[in-house]
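The sequence and the model come first.

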Amino acid sequence: MADLTNMTIPRHVALILDGNGRWAKKRGLPRTMGHKEGCKTVEKTVEIAARMGIDYLTVYGFSTENWKRSVEEVGVLMQLFRYYMVRLLKIASENNVRVKMIGDRRRFDQDIIDGINRLEKETKENTGLTFVIAVNYGGRDEIVRAAANFCKDCREGKADETHLTEEVFASYLDTRDIPDPDLLIRTSGEIRLSNYLLWQLAYTEIYVTDCLWPDFNQEELEKAVVQYNSRERRFGGVTG
C-alpha cells in the first residue's frame with residue numbers, strides 16, 4: 001500500500017466505471033455477472049474513500065446512452081439498481097455517508113424514483129463523505145436542462161440574462177453545491193470522457209488505468225492519488 005501521509009487527498013474524486021463486460025468475458029461469464037461484481041466494487045470503494053478522507057465521490061452509474069443497450073441488459077441493470085439502493089442505505093448509515101443522485105430520474109419506473117428519493121432523504125443529515133451517483137445522466141443533457149431552466153426563470157422574472165455568469169449557470173446544474181472534481185479516474189484503459197460531467201471537468205486531473213472496474217481496489221485508488229500528487233495544477237495560469 002502507498003504511504004499517503006504527506007500527500008494531498010483530492011477533495012472530490014469522480015469515477016468512470018468501465019470494464020464490467022470485459023471482466024466477465026475474460027472469465028467466460030455473462031455480462032450481467034460483470035455488472036454484479038462492479039456493484040460490489042462500488043460498495044468497497046465508498047468505504048475506502050470515506051476512510052481515506054475524500055469528501056465527495058461521484059460515479060457514473062447509468063448514462064443517457066445506456067438505454068441503447070439490449071432490453072435484457074437494461075432490465076438486469078435496473079434490477080441491480082433496485083437491489084443496491086437498499087444495500088447502499090445500510091452502507092451509508094454505517095459509514096455516515098450522504099447519498100445524492102444526479103441526472104434526469106424521471107425516465108425510471110416509479111419504484112426506482114421512490115428509492116432514489118428515500119436514499120437522499122434518509123442520508124441527508126449524514127456528515128461524512130458525499131456519494132454522488134450519476135444515473136440517466138449525460139453531460140450534454142445536463143447542460144441543456146440547465147439552460148432551459150435558466151430561460152424559464154428569465155421568462156418568469158426570477159433571473160436576468162444580462163447577469164448570467166459561470167457561477168450563475170453552475171447553480172442550475174445537477175451538481176450545484178458540489179465542488180468540481182479534483183481527480184477523474186477511468187478504468188479499463190479507455191481515454192475519453194463519454195459525456196460525463198462536461199462542465200465540471202474543465203480543470204480536473206485525469207488518471208486512466210488498465211484495471212477493469214471489478215478489479216479496482218484500495219491499491220488502485222492509492223496509485224491514482226499518488227499520481228495526482230505528482231501533477232502541478234495551474235488552472236490556466238503560469239507558475240515558476
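## Loop between β5 and β6

N195 lies in the loop between β5 and β6; helices (H or I, at least four residues) and strands (E, at least two) are DSSP runs, numbered from the N terminus. The model is predicted: local features need pLDDT of at least 70, side-chain atom pairs count only at pLDDT 80 or more, and totals for chains, interfaces and linings use all residues. Residues are numbered from 1 along each chain as its sequence is written, and side-chain values use heavy atoms, with hydrogens and water left out.

The phi of N195 is positive, near 65 degrees, in a residue other than glycine. N195 is buried, at a relative accessible area of 16% (buried is under 20%, exposed over 50%, partly exposed in between; 1.4 Å probe, protein chains only). S188 is placed in the loop between β5 (183–186) and β6. S188 is not a glycine either, yet has a positive phi of about 75 degrees. With 10% relative accessibility, S188 counts as buried. Most residues other than glycine have a negative phi.

## The sheet

An open sheet is formed by 6 strands in the order β3-β4-β2-β1-β5-β6, with parallel pairing (two strands pair if DSSP finds at least two bridges between them). β3 (98–102) and β6 (205–208) are at the edges with a single partner strand each, so one side of each has no neighbour in the sheet. On average, neighbouring strands are turned by 20 degrees against each other, direction ignored (axes are lines fitted to C-alpha atoms, for helices over the stretch in contact; angles run from 0 to 180 degrees between N-to-C directions).

β2 (residues 56–63) pairs with β4 (residues 130–137) in the parallel sense over 7 bridges. T58 has V132 as its bridge partner in β4, and S63 has Y137. Helix α2 (residues 31–52) packs on the sheet and touches β1 (12–16), β2 and β4 (contact means heavy atoms within 4.5 Å). The direction of α2 makes about 165 degrees with that of β2.

β1 and β2 run parallel and are joined by 4 bridges. A14 has T58 as its bridge partner in β2. Of the 8 residues of β2, 7 are buried, so the strand is largely enclosed by the rest of the structure.

## A residue of strand β6

V208 lies in strand β6. At 33% relative accessibility, V208 counts as partly exposed.
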